[in-house]
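Here's a quick briefing to read with the model open beside you. Take it one topic at a time and find each residue as you go.

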Amino acid sequence: MCISIKNLSFSYKNLRQAAEAAQGPALNALANVSVDIKMGEYITLLGENGSGKSTLISCVNGLLTPPPGAIAVFTPEGVQLDPANEAHLARIRALTGMTLQNPDLQIIGCAVEEDVAFGPENLNLSKAEIQSRVANALRAVGLIHLRDRSPHLLSGGEKQRLALAGILALDARILIFDEPTSMLDSHSAETILALFDTLNSQGKTIIHITHNHGDALRSRRSIVLRGGKVAFDGVPEAWDGLEEWRLERPKKNSAFFGFSGNSPDSQPPPIAATAAAQFFSASHYYPHPSAHPITGIQGVSVRIPRNSTTAVVGASGCGKTTLLKHINALLLPSFGSVSVLGADTLDKRVNLRNLRFKVALAIQSPESALFELYVADDVAFGPENAGLKGAKLVQRVKTAMDAAGLPFALFADRETTSLSGGEKRRAALAGAFAMDSEILLLDEPLAALDNKNKRRVMELIFEQQEKGKTIVVTTHSLEMAACFDYVAVMAKGRLAAFGPPEAVFGELWSPDWGIAAPNLQNAIPAPARSARLTPPDAPLEPPVRPKQRRKAGKPFFRTAFFGRFIDIDSPLRNLNPLVKMAALFVAGAVSIAGPIYAPLVVSLILLLSGKLFGGIAFKTSLRSATAVLPFLLVFVFLQTAFLWRNDSSPILFQPFQTGFLSFFSITSAKLHRSLAFICRITSLTMALSLYLAATPLRETLRAINTSLGPLSRLGLPARDIAMMVGVSIRFVPLLTEEAERIVTARVSRGGKRGLRSGIALLVPLLLLSLERAETLANAMLLRLYKTGA
């Protein structure tokens, strides 16, 4: 026996409050759960969204506090540990390694090998033992060749494997994986599942939380939760009656659980010869200062017919999401052209905001797509921007929420932060459905959903097609793609194939695409279906535009390079980090305390040093100031808006001579102070940005440890300080990416860009940063971090 759970019940306060608001009964996340797990078992934990799977595991490892005596975790010697006892938590977490759903939120180190070493370091192992564990873990997950790479430069699948390596290095007896393959392509998922098989054969206990019943068939035991209770516990082959638990038996050689497109008695309208979207030699390149560039799209030419359904498939990082964002005009092509509903997105005469009302997009990260406090308000954001009001708006929101599996009566007043992962995804889909657009773009709409809600989303997609709409989705599920009219295969940014699924998964199939071949015998049985799947034969032609937009549709925050390391071999890069740190302090001191012209001199020296000795372009160095520009503007406004004591300098501007606002004025002294403040902070920002651009974060932390080493003998927590600095610096690009996702979600649903939009960004970004900080703290606890170690 390694884990014993007896009559475990657990409830969240926010769930009870939500139920009371809906005048329903109190909701328990777990109710009288009893399970015994033996050492060496391979268990899959299944259940619909919100059934209590993650809650159960969090109670086992002490991230949530269960009732005393409800859970026992046994050591190899048979010692019984209780996660309700804080004194037992460190030993429990050393026995139970766990990966979280989102790998981005559990990466702690600033290099691959340093992230993997974080757990063994907390075990106070010898340096040789730590190096051995790190190397073995990286070999096991296939990342040994990337041991020096920064984690933020890894693909989604590589990050997932890195999170797994961090747990393997702990050498825990019990390994818990929470949805480890939900965002991976089929090839990457199969690699990770094969590793689970190997680990189990070595005697490890595997607990795999999943919605994929194909994954469950690999295990020897399945536990199914429904409504916080154990609905089934046995071998996967004994799944008779699963429909009673709102799950469905997987059907071999059938497309998407037997749902092969439109129902026989309800056929969609014929596919139109006109194009909903047309790409003509379209390419897009993301600006990135690293030696490891991000893949965009390259030379894509394709016509997506109206009233059709198209699935975009491909390996992780192949350009699927980039393709969708071009249809929504969130991105514009660097070269070539993209026309949507007959409008060339590069034509200056086209109003892109109005175009986006006709092309709704549900982004891939639902936790970032929800930026309003309450679910109904978030779903209403798009229709309200389109001018819908009153009873019509409420009805539109109710219809969309009910269709997405979030009953309006229960979820309208729920806080978005209280939703489970699957519920957040459904809320994001409801926001897109509520737009009632001509084109519907869904980025990984089925990820992290249980089968009941997967089927609901699929049915809703085809209902939208029956209404004459065009649907384009990205997916890692080739079985899902087989249900669609067309399949587009992306490979390394290029369009590798486009056509009916019979052709793409038949004579056009190539192993070079980097995805596993589907098993789709007899998956698409209707002959009438293929008869209507002839792509338009009209040749693709480039549009003629009198006036072209200058911008190439860059992501909103990708050009803010503050805090990013630029991997260029240069004298500045190879300089001792302690020397660079000393130079940073000198530049900062001169900028802040020096005369008024000192910041200008320092800025000039920084620009020249970065260019001559670091290979960093002037443009890149100057962009770093944009990261603090909003804060500078707010400070300048406060400087000029209020009176300064003993300010007798001449008044340069005073718009209100009398009345309440007569205090507002701009004097020469205020202007002098504001300009001085801007120059000093800009110079300091450029100095810090140049240091970070030329110094890997791991070298910075080592330099801090070295410089504080003598003081650690006096009791100063040098490692804690270095860790705090590293986490703070890592949060800069993390929050930048989150801000980009929030703005993308707002703009894709008709939100405006400007001061009001920037202010509206602050609240959800603050809430997300707190949520991310809590998740990162949990990840550190799971890897045995403790202060003062």
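R349 counts as exposed because its relative accessibility is 59%, where exposed means over 50% relative accessible area, buried means under 20%, and partly exposed lies in between (1.4 Å probe, protein chains only). R349 forms a salt bridge with D347, and their closest N and O atoms are 2.8 Å apart; a salt bridge here is a side-chain nitrogen of Lys or Arg within 4 Å of a carboxyl oxygen of Asp or Glu. D347, on the other hand, is buried, at 5% relative accessibility.

Before going on, note that this is a predicted model: local features need pLDDT of at least 70, side-chain atom pairs count only at pLDDT 80 or more, and totals for chains, interfaces and linings use all residues. Residues are numbered from 1 along each chain as its sequence is written, and side-chain values use heavy atoms, with hydrogens and water left out.

- Side chains of opposite charge can pair when their charged atoms come close.
- How many salt bridges does the rule give? The count comes to 16.
- D378 pairs with R749, with 3.0 Å between the closest N and O atoms. This pair links distant parts of the chain, 371 residues apart: D378 sits in helix α12 (residues 375-385), and R749 in the loop between α27 (718-748) and α28. Helices (H or I, at least four residues) and strands (E, at least two) are DSSP runs, numbered from the N terminus.
- Are D378 and R749 buried or exposed? D378 is buried, at 1% relative accessibility, and R749 is buried too, with a relative accessible area of 5%.
- R783 forms a salt bridge with D115, and the closest N and O atoms are 3.4 Å apart. R783 lies in the segment after α28 and D115 in helix α4 (residues 112-122), so the pair ties together parts that are 668 residues apart in sequence.
- Both R783 and D115 are buried.

**Two enclosed helices**

- Why is α4 described as largely enclosed by the rest of the structure? Nine of its 11 residues are buried.
- The buried residues of α4 are V112, E114, D115, V116, A117, F118, G119, P120 and N122.
- After α4 comes N124, which has a positive phi, near 60°.
- Helix α9 (residues 320-327) has seven of its eight residues buried, so it is also largely enclosed by the rest of the structure.
- In α9, the buried ones are K320, T322, L323, L324, K325, H326 and I327.
- A329 follows α9, and its phi is positive, near 65°.

**The nonpolar core**

- In soluble globular proteins, nonpolar side chains tend to be buried together.
- The largest nonpolar core here has 96 residues, and F279, I327, M401, L442 and I461 touch the most other members. Such a core is a set of buried Ala, Val, Leu, Ile, Met, Phe, Trp, Tyr and Cys residues joined through side-chain atoms within 4.5 Å.
- Helix α15 (residues 421-433) gives the most to this core, with six residues.
- Leaving aside neighbours within four places in sequence, M401 is in contact (heavy atoms within 4.5 Å) with several residues, including V375, V379, F408, F411 and A430.

**A nonpolar patch on the surface**

- L373, Y374, V763, L766, L767 and L770 make a nonpolar surface patch of about 540 Å².
- V763 belongs to helix α28 (residues 755-782). V763 is exposed, with a relative accessible area of 54%.

**Confidence**

- The average pLDDT (the predictor's confidence in each residue, from 0 to 100) is 80, and 81% of the residues score at least 70.
- Which elements have the lowest and the highest mean pLDDT? Helix α19 (residues 527-531) has the lowest, at 38, and strand β4 (residues 71-74) the highest, at 96.
- Over residues 521-536 the pLDDT is below 50, and this stretch has 35 contacts in the model beyond near neighbours in sequence.
- Residues 552-561 also stay under 50, and the model has 39 contacts for them beyond four places in sequence.

**The whole protein**

- The protein has 28 helices and 22 strands.
- Of its 789 residues, 54% are buried.
- Among contacts between residues at least 6 apart in sequence, 72% join residues at least 24 apart.

How values were computed:
Patches are made of residues with over 30% relative accessible area and no salt bridge: like charges are joined within 9 Å, nonpolar side chains (Val, Leu, Ile, Met, Phe, Trp, Tyr) within 5 Å. Accessible areas come from the Shrake-Rupley method with a 1.4 Å probe; for residues, only the protein chains shown count as cover.
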